[in-house]
Amino acid sequence: MKIGDISIDGVSDGSLKARPKHMFNKSELEWEQHSQFLDEKGRLTMDMGGFLVRSGDRLALVDTGIGPHADPARTGMFMQSLAALGAAPGEVTDVVLTHLHFDHVGWVSDGEQRLFPNATYRCHEADWEFFMGADPYDDGPAVAWLGGRRVSELLPPVEDRLEVWDGDGTILPGLDVRSAPGHTPGSSVIVISSGSERAMLLGDVVHCPAELLSDDWEALADFDRELARRSRVALARELEGTDIPVAAAHFPGLQFGRLLAGESQRQWVFG
Ligand SMILES: [Zn+2]
């Protein structure tokens, strides 16, 4: 994806399959109208990934996948995907984290060393407090996916290279953050712009494009479901009919798509 002078490439850590009824407030019957997002067994294909953004002399990663331990048969290929794009870990200048859930911080460190040794690590201050504060978020169910570690054990090695943001604004040339809370307290959308062109990386404000089609979706993994719903609805209303390409860390193949305005409900097209 090219946005003016900026390039954006998906960096896949692999993909997992999920039963949609385990993720959203929708019945199997309701999912029948969204079959374009399901495989032949009715499952969602969920990439675990991030995006490499080349802007001027900056080489920024937006999210870092689920890490090397989750499911060796299906995930753990983030560094190979990065190498295939011609980027070495030491060349990454910035690691921008849309939020600090385990499946986005998997490759920030090995628990002792930063895995992008020269990068500045960036996230929303509210998420740092939520995951690392005095009473850290209990991520017990995720520990197995992270090879026996908690998020709060993966993040300390990056703390002396951390820069937090606490609202909306520009953090790098052509790269702005915008708060979209609910999935986590500091959950953010990344807006990439060059000249008159724009694209957006949605983090986990949306896990599947179907969530943008109508206003009644809830994702069961959202920390505050009503707040997350309001963030998502505002985003959908802004995006519909604009032709702005958007992608998110769990979209299949990390593909971009566009949200079309519709009479009764919006429509999604990949590409
Ligand atoms: Zn996620």
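Which residue of E11 does Ser193 stand opposite? The reply comes in point 4, after a walk through the rest of the fold.

1. **Overall picture.** A word of caution to start with: this is a predicted model. The chain is built from five helices and 14 strands. Its radius of gyration is 17 Å, close to the 18 Å that the globule rule gives for 271 residues, so the chain is as compact as a globular protein of that length. The C-alpha trace spans about 50 × 45 × 35 Å along its principal axes. Buried residues make up 44% of the 271 in the chain. If we take the contacts between residues at least 6 apart in sequence, 70% of them join residues at least 24 apart.

2. **The seven-stranded sheet.** Seven strands make an open sheet with mixed pairing, and their order is E1-E2-E3-E4-E5-E6-E7. Strand E1 (2-3) and strand E7 (162-165) are the edges, each pairing on one side only. At the E1 end, two bridges hold E1 and strand E2 (residues 6-18) in an antiparallel pair. Within this pair, Ile3 has Ile6 of E2 opposite.

3. **Helix H3 on the sheet.** Helix H3 (residues 125-132) lies across strand E6 (120-124) and E7, and runs at about 90° to E6. Which residues of H3 are buried? They are Ala126, Asp127, Trp128 and Phe131. Do look at Asp127 on your screen, as this aspartate is on the buried list together with Trp128 and Phe131. The cover over the buried residues of H3 includes E6, E7 and helix H4 (151-154).

4. **E9, E10 and E11.** Strand E10 (residues 188-194) has antiparallel pairings with two strands that I would view together. With strand E9 (residues 175-179), E10 pairs over five bridges in the antiparallel sense, and Val177 has Ile190 of E10 as its bridge partner. Five bridges also join E10 to strand E11 (residues 197-201), again antiparallel. Now for the opening question: Ser193 stands opposite Arg198 in E11. The hairpin of E10 and E11 has two residues between the strands, and Gly195 in this hairpin takes a positive phi near 60°.

5. **The nonpolar core.** In soluble globular proteins, nonpolar side chains tend to be buried together. In this model the largest nonpolar core has 67 residues, and the members that touch the most others are Val95, Val108, Ile190 and Leu201. Ile190 is the residue bridged to Val177 in point 4. What does Val95 contact, leaving aside its neighbours within four places in sequence? Its contacts are Leu61, Thr64, Val108, Phe116, Ala119, Tyr121 and Arg122.

6. **Two positive phi values to inspect.** Most residues other than glycine have a negative phi. Asp63 is an exception, with a positive phi near 75°. Asp63 sits in the loop between strand E4 (58-62) and helix H2 (78-84). Is Asp63 buried or exposed? It counts as buried, because 31 other C-beta atoms lie within 10 Å, where 20 or more are needed. Leu254 also has a positive phi, about 55°, without being a glycine. Leu254 belongs to the loop between strand E12 (246-247) and strand E13 (257-260), and with 24 other C-beta atoms within 10 Å it is buried.

7. **Around Ala247.** Ala247 is in strand E12 and is buried, with 25 other C-beta atoms within 10 Å. Leaving aside its neighbours within four places in sequence, Ala247 contacts Leu201, Leu254, Gln255 and Phe256. Ala247 and Cys208 are 39 residues apart along the chain, with 9.7 Å between their C-alpha atoms.

8. **Gln265, for contrast.** Gln265 lies in the loop between E13 and strand E14 (267-270). Gln265 is exposed, because 11 other C-beta atoms lie within 10 Å and the limit for exposed is 12 or fewer. Beyond its neighbours within four places in sequence, Gln265 is in contact with Leu213 and Ser214. From Gln265 to Met23 the C-alpha distance is 21 Å, with 242 residues of sequence separation.

Key. Residues are numbered from 1 along each chain as its sequence is written. This is a predicted model: local features need pLDDT of at least 70, side-chain atom pairs count only at pLDDT 80 or more; totals for chains, interfaces and linings use all residues. Two strands pair if DSSP finds at least two bridges between them. Helices (H or I, at least four residues) and strands (E, at least two) are DSSP runs, numbered from the N terminus. Two residues are in contact if their C-beta atoms, placed from the backbone, lie within 7 Å. Axes are lines fitted to C-alpha atoms, for helices over the stretch in contact, and angles run from 0 to 180 degrees between N-to-C directions. A nonpolar core is a set of buried Ala, Val, Leu, Ile, Met, Phe, Trp, Tyr and Cys residues joined through C-beta atoms within 7 Å. The radius of gyration is taken over C-alpha atoms; the globule rule is 2.2 Å times the number of residues to the power 0.38.
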